[in-house]
Amino acid sequence: MPAQPQHQHQHQHEQFDAPLRTQVETFLDQHRDGLAHCLDGLTEDEARRRLVPSSTTLLGLVKHATFVELVWFNEAITGRSRDAIGCAADPEESFQLAPEDTIESVRTAYLDTCAASRAAAAGLGLDDLAPGNRRGPLPMRWIYLHMLRELAQHCGHADILREQVLSARGSAS
């Protein structure tokens, strides 16, 4: 195995030595980025294609991720209702696509919501409580860990669905 360049090795140590919050936010942003880019190069039909019995599609996954960001970084932090913040009432509904949903509109809404999530959490410490969750106040540490779990799971779903979509292109030609 070739040796890693010195700057890459040093960069990895900087990441390993970074404060926990920085590490968690780095992983979270990597998952956010992965979901945002799962739609790259797809047609609108491919992004909406149902390949599993559930209503899960690539476009629906990104729309659902917007819902998740709103629930955990808006509702939970601000205490405002889902209706007030303009998100679906429940997770299943958040996968549903409207006729006007496009790759561009859904991805833009997701990226804007992620930026708002970062801003909402910026002033809070890991041990600060977010008061607005239905379960009661939760520490930001738990919210970050839950989001990592949720987005990692959906990135895996997106990888498999994208592989199926791209594979179908090859079989169609």
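**Close-up 1. Salt bridges across the structure.** This predicted model holds 10 salt bridges.

Close-up 2. D29 and R118 join two helices. Look for the side chains of D29 and R118, which meet in a salt bridge with 3.0 Å from N to O. D29 belongs to helix 2 and R118 to helix 7, so this pair links distant parts of the chain, 89 residues apart. How exposed is D29? With a relative accessible area of 28%, D29 is partly exposed. R118 is partly exposed too, at 37%. E46 and R169 meet in a salt bridge. Here the N to O distance between the side chains of E46 and R169 is 2.7 Å. E46 lies in helix 3 (residues 44-48) and R169 in helix 8, so the pair ties together parts that are 123 residues apart in sequence. Is E46 buried or exposed? E46 is buried, with a relative accessible area of 7%.

**Close-up 3. R82 and E75 form a buried pair.** In this view R82 forms a salt bridge with E75, and their closest N and O atoms are 3.0 Å apart. Both R82 and E75 are buried.

**Close-up 4. W72 sits in the largest nonpolar core.** This core has 43 residues, and W72 and F73 are those with the most contacts inside it. Which elements give two or more residues to the core? They are helix 2 (20-37), helix 4 (58-78), helix 7 (103-122) and helix 8 (140-172). Helix 4 provides the largest share, 13 residues. Now zoom in on W72 and leave aside its neighbours within four places in sequence: W72 is in contact with I77, N133, R135, L138, W142, I143, H146 and M147.

Close-up 5. Helix 7 has 20 residues and reaches 28 Å from its first C-alpha to its last, close to the 28 Å expected at 1.5 Å a residue. Its buried residues are I103, V106, R107, Y110, T113, C114, S117 and A121. On the face turned away from the buried side, you can find the exposed residues E104, D112, A119 and A122.

Definitions and conventions
Residues numbered from 1 in each chain as written. Predicted model: local features only at pLDDT ≥ 70, side-chain atom pairs only at ≥ 80, totals over all residues. Heavy atoms only, no water. Core = buried A, V, L, I, M, F, W, Y, C linked by side-chain atoms within 4.5 Å. Buried < 20%, exposed > 50% of the residue type's maximum accessible area, 1.4 Å probe, protein only. Helix = DSSP H or I, 4+ residues; strand = E, 2+ residues; numbered from the N terminus. Contact = heavy atoms within 4.5 Å. Expected span 1.5 Å × (residues − 1). Salt bridge = Lys/Arg side-chain N within 4 Å of Asp/Glu carboxyl O.
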